[in-house]
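Today I will go through the aromatic side chains, ring by ring. Please have the model open while I talk.

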Amino acid sequence: MSETESWPSQPVGTSSAPARPDDLDQYRSEFDFAEATAWVRNNYVLVAGLLLVLAEIIWKAQLLSHMFFTQDDYVNLDIAITSPFSWHYLTLIGAGHFFPGVRAVAWVLARVSLYDWGLDAGLVLLLAAAAGLAALRLLRTLFGDRPAILIPLVIYALTPLTVPDLGWWWCAIESLPLQLAIFMALNSHVLYVRSGRGRHLAAAAAWLVVGMLFFEKAIVLAPLLFAFTAAFLMGARSWLAGALATLRQHIWAWLVYGVLMIGYAVLFIVAFSNSGQQATGPSSLSAAWTFALTMVKDTLMTGALGGPWHWLPVQNGFYGLAAPPAALVFLAGLAVVVVLIASIMLSPIAWRAWAILIGWVVCADMLPIVFGRLYPGLQNILGLETRYVADAACLLAICVGLAFLPVIGSGQKEPAAVSDQTPVSSRGLLVAVVGEQRLRYVATALVAAFLVGSIWSVRAYESITPGPAVVRTYVANFKKAVRLAPHDTKVLDQYMPQQLVEGALFGKKGSAESAVIGDLARGKLAGRLTWIGNPVGTIDGLRMFGSDGRLYPAVIAGVYSVHRPGTGLSACWPERRGRVVVKLQSRTSIFDYTLQISYIWGAAPRSVTVQYGNSAQRLTVTKGVHSAYLPVHGHVTGFAISGLGGHGICVGSSEAGRLVPYGPPVR
């Protein structure tokens, strides 16, 4: 063959043309699509679970778009932005809570972008997504890829019990890491029990630490692991035998968990004792019982059925308490009884799951309230707080699965249909009396009722919480005002609006505008605002924030001085015998707390005397045209200025009353 000849592009005897690039791409696409379809078909439970978590995040993102910062959020972000990153800051006790992890997160976010709801709510969504995926992972680890695991996943993902907790940012940053830690610690612990590998024990211990760093409730997580292991992982006939078996076989795990619990308890006790706060017991056993009964009956049980349907708005429409109708309470109680009886008849050890759920609710959700904040008269209100049982949603989902599904590797038998040859048992009796098909109908009806109730409850919650929309505008306005304010703008320091920070709860230090709004005037904006607590002396250009969050001139609403005819100096009040007497248009009120004096002084600074009723106060006047303020009280029709030292002072318009925002705002 000569060098000019070439080999044929196709084998001898073939007549097909060479494949074109676009044909190859189409072939690959068809091949990839077929592979993907086969993978989805083989992993449809996983895919359905992932889609459910995605739907949950979209749903919760819509809810968070409706919410905004409130109350503790501002106070704790103020503490974060004004504190160095130190052990003292991380161990600060807040309302009895010890949460270094929450403090650390707030410290970082406050410096990245203060009062940035998009950023902070985005972190909440990220944690919610992580917790949802962790729930899916644990359910697959415990029960395998069976379609039935989607039911407990739906319960956790869509229960309204977590909604108020999610919309209150500070509470969400406490609760969601705990929920994530519950699922991940359980998952790692199950893998450790099955394999004995140290890395799974290390992971479980790490998640236990994460939970405790964010919420002290996580100290109950180690006992939960023990109860769960003894009840469902040891294959023993009795719970006690399982407890003894796991103590023998997994002693190192319980020692590790125990050391972590003791270490955390010591840190908590030291921090709590240094905080000056005190634990308070319940006012009576009756109050504790009423609180516990309300929490279980009106909050937890109705939430398990998709309730509460109705909410009681509080905090000026920022938050809601469960307010279920009596019909729902009855239906929820009936549904709980049916589910309990059915589960125990289907599985003789199902009662252990419900015992674990009750134990968690009592130890993690009830006791901290009973011995921390069950003040007289609050037992019914606190029992309606769904955020106290938000973490119980995790246990509810897990225990529903444990009650109805066999745990992989536990020795439990798979559910089987009953035939004529099946020995008579509680399962057989239930199926024989009710019928297997009817049992499926009942289960489907309960799930459908839960879904409808959840959607209704969340929509109802959004409708009774209009407050965040108003405050979002308020915060946007004061952020803009701080950026546009001239250097050294004098601003009257007031309490924040109650819908943002309740002064009665947090005091002047925590609810003052200088604390909340003032935190923005840092870094490049430092020096923009100078806060005036009590206006006394010469203060020019005093401003104050209005109810809409914009920065207005501060003017007096009250009694004005009598109008003087003329212009310029001819309009000044005359001086007679070294005194200037200013007459007011009418007698002042007992609610007139501030006197404002406009004056012109042409000499060196001097202290003069202002006589207002029976009180005489010293006022330093300075050269130029100025405004001065003095605190006053009493019924008067005028005031006098003396001690001029032979110098003339021009006193123009003066007013006695209350300072209010009025005029064009800073733009």
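One aromatic cluster is formed by Phe-68, Phe-69, Tyr-74, Phe-99, Tyr-115, Trp-117, Trp-169, Trp-170, Tyr-474 and Phe-478. This is a predicted model: local features need pLDDT of at least 70, side-chain atom pairs count only at pLDDT 80 or more, and totals for chains, interfaces and linings use all residues. Residues are numbered from 1 along each chain as its sequence is written, and side-chain values use heavy atoms, with hydrogens and water left out.

The structure holds 23 aromatic pairs. Rings of Phe, Tyr and Trp (its six-membered ring) pair if their centres lie within 6.5 Å; planes under 30 degrees apart count as stacked, over 60 as edge-to-face and the rest as tilted. Phe-69 and Trp-169 have ring centres 6.2 Å apart and planes at 75 degrees, so this pair is edge-to-face. Phe-69 lies in the loop between helix 2 (44-64) and helix 3 (72-82), and Trp-169 in helix 9 (residues 169-195), so the pair ties together parts 100 residues apart in sequence. Helices here are DSSP runs of H or I, at least four residues, numbered from the N terminus. Both Phe-69 and Trp-169 are buried, meaning under 20% relative accessible area with a 1.4 Å probe, protein chains only.

Another edge-to-face pair is Trp-254 with Tyr-257, at 5.5 Å centre to centre and 70 degrees between the planes. They are three residues apart in helix 13 (residues 251-275), and so separated by about one helical turn. Trp-254 is buried at 12% relative accessible area, and Tyr-257 is buried at 1%.

Methods. Helix = DSSP H or I, 4+ residues; strand = E, 2+ residues; numbered from the N terminus. Buried < 20%, exposed > 50% of the residue type's maximum accessible area, 1.4 Å probe, protein only.
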